[in-house]
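Open the model in your viewer and keep the selection panel at hand. We will go stop by stop, from the domains to the chains.

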There are 2 protein chains.
Amino acid sequence: MYAEQNQAYKEETMEIERIYEGKVISLQKDKVTLPDGNTAFREVVKHPGAVAVLAIWQNQMVVVEQYRKALERSLIEIPAGKLDPGEQPMDAAMRELKEETGFECKELRPICSFYTSPGFADEIIHLFLAEQLTQGESRLDEDEFLNKQFLTLEQAKAYVAEGKIRDAKTITAIYAWELYQKTGRMD
Amino acid sequence: MYAEQNQAYKEETMEIERIYEGKVISLQKDKVTLPDGNTAFREVVKHPGAVAVLAIWQNQMVVVEQYRKALERSLIEIPAGKLDPGEQPMDAAMRELKEETGFECKELRPICSFYTSPGFADEIIHLFLAEQLTQGESRLDEDEFLNKQFLTLEQAKAYVAEGKIRDAKTITAIYAWELYQKTGRMD
């Protein structure tokens, strides 16, 4: 039934206007036929996909604070980054964790994957849990500047309540962590 | 200390290239000076902001399934939508709940607000809890086609585990709902 519903509401592409091809994203405008036969336009941002890591060190989550130009402010977020071409999500998650925090982890566990902005973008984030970390050296991209911090669950929840943490993937990770602590399960 | 860190990593805008002005989003490319004095470019998608509603009806959450052109698939999501110009988030949340599901709610409670894709977009979603619903008629936008469904917490969690629910705001709402059931609190 799910598949049939999916099919029933499909929007057929009539034309694609390619507007911008960038370093991180591209933008196109699709002319579509709606289920009732009418025409509409959909603005679509294409993104390579990303990973994020809930990394637990001495009962605290590892977060990084970095300036986000799109928001003109800094955000506290869990370590995260874009997938390289052809890269497996788990490999990317290990790489980003190491690059942004110096921590290494031999075995990550998938928590869930989600689309961040399905109304206008195809970005998907694969979220992982990393425990039993070992410490190494971070190695940031040349245009990356960030501060590493550690938060207990109580601090993290207080940060969400106070609006100091305002990043979707990070809030998702905090909720998942709390349930993991309460139930021993991630799902 | 938080404010100082924020300041330290600020990226100063040197130039803005406006690439696209659309119906839902606009796109610009900012030339910035990094904290180390070097130059970089940031692609920024501007979005009006949005609301989403965790609406509970007879101990089930209300979700809608709709085709998402950016993903070329349908998604199961909580009711949500863009802010109209000048509209308060709580008013928008009541409006979208009514439009997409027919349900009305006199009093919403804020759960949290989050940026969905801070790496390339300024979209913020304000998430609300709606209980004590009354039923009315839905009234969809002319280019909107969706199915309403009801999920228990167990069903919703199973959908996340199976990948049937893959929407960030909806997963956040499910985690918040589970904690609300377990603790009686939303934060």
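Select domain 1 of chain A and domain 2 of chain A. Together they bury about 390 Å², and 49% of that is on carbon and sulfur atoms. Buried area here is the accessible area (1.4 Å probe) that two parts lose on being put together, summed over both. Now pick out A:Val24, A:Val45 and A:Lys46. Among the residues of domain 1 of chain A, these lose the most area to domain 2 of chain A, together 71% of what that side buries.

A word on the ground rules. This is a predicted model, where local features need pLDDT of at least 70, side-chain atom pairs count only at pLDDT 80 or more, and totals for chains, interfaces and linings use all residues. Residues are numbered from 1 along each chain as its sequence is written, chains are lettered from A and ligands numbered from 1 in the order in which they are written, and side-chain values use heavy atoms, with hydrogens and water left out.

Six residues of domain 1 of chain A are in contact with six residues of domain 2 of chain A (contact means heavy atoms within 4.5 Å). Which salt bridges will you find between the two domains? The count is zero.

Next, show chain A and chain B together.

Select the contact between the chains. It takes 77 residues from chain A and 77 residues from chain B. The area buried between chain A and chain B is about 6900 Å², with 62% from carbon and sulfur atoms.

How many salt bridges link chain A and chain B? There are two, a salt bridge being a side-chain nitrogen of Lys or Arg within 4 Å of a carboxyl oxygen of Asp or Glu. Zoom in on one of them: A:Lys69 pairs with B:Asp30, and the closest N and O atoms are 3.1 Å apart.

Last stop: helix α4 (residues 168–183) of chain A. With ten residues, helix α4 gives the most to the side of chain A that touches chain B. Helices (H or I, at least four residues) are DSSP runs, numbered from the N terminus.

Key. Helix = DSSP H or I, 4+ residues; strand = E, 2+ residues; numbered from the N terminus.
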